[in-house]
Amino acid sequence: MKQKAQVSGGRWIVKLGSSLVTNNGLGLDREAIADWARQLVHLQLSGIQVVLVSSGAVAEGVARLNLESRPRQIHRQQAAAAVGQMGLIQAYEHCFMEQGVHAAQILLTHEDLSHRTRYLNARSTLLSLLSMGTMPVVNENDTVATTELCFGDNDTLAGLVANLINADRMVILTDQEGLFSADPRLSDSAEMVRQASATDPKLMRLAGKGTDLGRGGMQTKLSAAQLASRSGTSTVIANGRKNAVLIRLMRGEKLGTLLEADREPIAARKRWIAGQLVPAGKLQLDSGAVAVLQQSGRSLLAVGIKSVFGEFNRGEVVACLDESGKEIARGLINYDSQHVVRLCGQSSHRIEEILGFVAEEEIIHRDNLILVQW
């Protein structure tokens, strides 16, 4: 085994798309995976803690099962993922062992990161693996994830893992050079966006669609960068087919598009709240409550709630909507949905009179509430 590197260069998330680890859907590109392993270990030995988020399980399963294309039915996708994950992790294990580093497989679902205890356990496990000098290889657990509760793509998963471990940088490697002002395949005047704020709303209009091999296009990469920025993580979107791209990025070469996290990181608990992809329910607020949340940073009181949608329990994450139905915030609810229905539009001093008890004066306390910018 090689000597374990001394950590001095921060913590990176590196995401590899399906197009980079497969031969255009014809199975795994083992030469490419071996090269990724060499680059990732080089980063590690240079003092950077690295977590790899890799796609490719479904694409490998499609090849192994001799399917003509990626299945559309969820159960067939799950079957392909189950077969393909075996080949994917075997390839990484072999290539990292050749570099003298142990690989560690981490399969996550949305439920793992939406449940607070499991979220903290996942964080502790990843940090422990990094401290041991291993190379965590993270993928979505496609075999058990449902359509309603899946991340949708590994770009989003990478952004959530960046929040999970407070990464300094996220590198999303794809088959494109980066973000352009227009689709370079269709417009000769398209220009590369070299640097921008991860939260700039204008960027989403520049994004195109993804490929058949993977689920994520440029839009998901921008959303992931915005998500990662909540923990102060900057993102680079670059062409993974460039020679030694990770090593060149580590040395400071400007490749692809840099999306900077130019705002103060939010607290860990609020990052977890913001990362809930599927809120347990929704509350529609009146204009006064919307203004209080957005402009004054105060708690949500019952008097400002107009309607309740869905069934939820105390302590779950719910979304707060304005009068047009747009989500403006989300937070941890202090009452069950059946209680909130009875409290809509009421003053806080009437809670005990209406319910017979008082859990909290606030429906959502400001410490457990985060504004949402989509």
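1. Three aromatic pairs are present in the structure, which is a predicted model. One of these pairs is formed by Tyr92 and Phe96: their ring centres are 6.0 Å apart and their planes meet at 20 degrees, so the pair is stacked. The cut-off behind this label is that planes under 30 degrees apart count as stacked.

2. The setting of this pair deserves attention. Tyr92 and Phe96 both belong to helix H4, which covers residues 74–98. They are four residues apart, about one turn of the helix. Are Tyr92 and Phe96 buried or exposed? Both Tyr92 and Phe96 are buried.

3. The protein chain contains 13 helices and 13 strands.

4. The overall dimensions come next. A compact globule of 374 residues would have a radius of gyration near 21 Å, and the value for the protein chain is 22 Å, so the two agree. The C-alpha trace spans about 70 × 45 × 45 Å along its principal axes.

5. Burial and contacts describe the interior. Of the 374 residues in the protein chain, 52% count as buried. Where contacts link residues at least 6 apart in sequence, 73% of them join residues at least 24 apart.

Notes. Residues numbered from 1 in each chain as written. Predicted model: local features only at pLDDT ≥ 70, side-chain atom pairs only at ≥ 80, totals over all residues. Heavy atoms only, no water. Phe/Tyr/Trp six-rings, centres within 6.5 Å; stacked < 30°, edge-to-face > 60°. Helix = DSSP H or I, 4+ residues; strand = E, 2+ residues; numbered from the N terminus. Buried < 20%, exposed > 50% of the residue type's maximum accessible area, 1.4 Å probe, protein only. Rg over C-alpha atoms; globule rule 2.2 N^0.38 Å. Contact = heavy atoms within 4.5 Å.
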